[in-house]
Amino acid sequence: MRATTPAEDFVRGIWKENPVLVQLLGLCPALAVTNTVANSIAMGLATFFVLVGSSLLVSTFKKVIPHEVRISAYILIIATFVTIADLVLAAVVPLIHKELGAFIALIVVNCMILGRQEAFASKRPIGRALLDAVGTGVGFMIAMLMMGTFREVLGNGSILGVPLFGDNFEPWVIFILPPGGFLTLGFILLAFGWWQERKSDTARIRQWPHGVATPSREEAA
Amino acid sequence: MGDLLWILVSAMLVSNFTLSLFLGLCPFMGVSARVETALRMGMANIFVLVITSICAWLLNTYVLPYAPYLRLISFIVVIASLVQIVEMAIRKISPTLFRELGIFLPLITTNCAILGFAIFQTNRGYGFLEGLTFAVGAGLGLTLALVLMASIRETSELSSVPAMARNMGLVLIIAGSLSLAFMGFAGLFST
């Protein structure tokens, strides 16, 4: 494995390997509970807490956990933190807890969290594992907020329950219903694809500035 | 009897696990490129869901009344280990069946569809028979979604899509349209 600097460990999860927008991990919560901004924030914070907590524990005990049962051990650690988050949310914000419902418990099987333990926390020192977990958690929260804002603004005409457009706005209800989740993430990924396509096109022009005929992507394919 | 039918159809179509509850998205995105694989994945899902249903019912009836805070952890541990045991048994008893389903079983033992199913069954207070019906309905729903998605993807592979849609964006837009279509089933039971 190539050595990385602490800054790289932190930034990687936010941008280049964003769990939701690039790796498409942890899609269940990202699509299911992002219908309002408040839900997205609660879910993002709960996942952040579970991710950082379990990375810390896994990295601390990495020498003690036998290799054969490591996955079960990780899942037990994650499930413990999820139970804590579940009880805390139920006590502090009962309304949001009710709306999120089973999806809090489902943080346990979020592949993003297990993936970070297996790929990173179980091999690196505690400080690096924490940095990586915080970076990935922030990346997840950014993605959740993006989707939550998009969906609540279009589907309900408000942010955090505060109306934005006045009485004449007809809410685009489909965006707070299930199909809206798929479509929102789809549009975001299309935008990313368009941006990357444009970037590679400019790079090609820079490489052949005098108009040498190079096959375009369509012709080459 | 009418109740059981309602549970079956509602789990399969009206509140389809993948398309309206967003459960089991990883296999939905990952294993939906070929119809044949998708079908086998669906079968494996039905199988694990039935085992889960029985496990969850046993735990809820005999164990969890004494220790409700252990629900999440015990569900995961018991389901994962039982699926592992059944997998070994199948490998011994019927190697053909194992080749058909085997490779998918470890993938789905702690999938969100499975755990979500156990939690839903508990929250709705289903009995043994209702739970089994719910499991079969949910499994059929997952299979239906997987096969539909795989058929569309197989067809779209040969068509020329814009370059920016060559990543997962296209798949998600297709999933959105499918989910939109499944919303039509919501009116099925209103009368």
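**Note on helix packing and the A–B contact**

1. In chain A, the axes of α3(A) and α7(A) cross at roughly 30° and come within 10 Å of each other. The model is a predicted one. Angles under 35 degrees count as roughly parallel, and α3(A) and α7(A) are therefore roughly parallel to each other. Their crossing is right-handed.

2. Which residues of α3(A) and α7(A) meet? From α3(A) they are V50(A), L51(A), S54(A), S55(A), V58(A) and S59(A); from α7(A) they are I113(A), R116(A), Q117(A) and A121(A). By class, this contact of α3(A) with α7(A) has 5 nonpolar, 4 polar and 1 charged residues.

3. Helix α4(A) has 23 residues. From its first C-alpha to its last it reaches 33 Å, close to the 33 Å expected at 1.5 Å a residue.

4. The buried residues of α4(A) are Y74(A), I75(A), I77(A), I78(A), A79(A), F81(A), V82(A), A85(A), D86(A) and L89(A). Within chain A, these buried residues pack against α3 (37-60), α5 (94-100), α6 and α7 (111-121). They also pack against α4 (71-93) of chain B, and α4 (70-92) of chain A is among the elements that give two or more residues to the side touching chain B.

5. The contact between the chains takes 30 residues from chain A and 33 residues from chain B. On the side of chain A that touches chain B, the elements giving two or more residues are α2 (27-32), α4 (70-92), α6 (102-105) and α9 (178-207) of chain A. Of these, α9(A) gives the most, with 12 residues. The residues on this side of chain A divide into 24 nonpolar, 4 polar and 2 charged.

6. In chain B, helix α8 (residues 128-157) and helix α9 (residues 169-182) pack at an angle of about 135°, with their axes 11 Å apart. Angles over 145 degrees would count as roughly antiparallel and 65 to 115 as roughly perpendicular; α8(B) and α9(B) are therefore oblique to each other. The crossing of α8(B) and α9(B) is right-handed.

7. What does each helix bring to the contact of α8(B) with α9(B)? Helix α8(B) supplies L148(B), M149(B), I152(B), R153(B) and S156(B), and α9(B) supplies L170(B), V171(B), I174(B), A175(B) and L178(B). The residues of this contact divide into 8 nonpolar, 1 polar and 1 charged.

Methods: Residues are numbered from 1 along each chain as its sequence is written. Chains are lettered from A and ligands numbered from 1 in the order in which they are written. This is a predicted model: local features need pLDDT of at least 70, side-chain atom pairs count only at pLDDT 80 or more; totals for chains, interfaces and linings use all residues. Axes are lines fitted to C-alpha atoms, for helices over the stretch in contact, and angles run from 0 to 180 degrees between N-to-C directions. Helices (H or I, at least four residues) and strands (E, at least two) are DSSP runs, numbered from the N terminus. A crossing is left-handed if the near helix is turned anticlockwise from the far one by less than a right angle, and right-handed if clockwise. Two residues are in contact if their C-beta atoms, placed from the backbone, lie within 7 Å. Ala, Val, Leu, Ile, Met, Phe, Trp, Tyr, Cys and Pro count as nonpolar, Asp, Glu, Lys and Arg as charged, and the others, Gly among them, as polar. The expected span of a helix is 1.5 Å times one less than its number of residues. A residue is buried if 20 or more other C-beta atoms lie within 10 Å of its own, exposed if 12 or fewer, and partly exposed in between; C-beta atoms are placed from the backbone.
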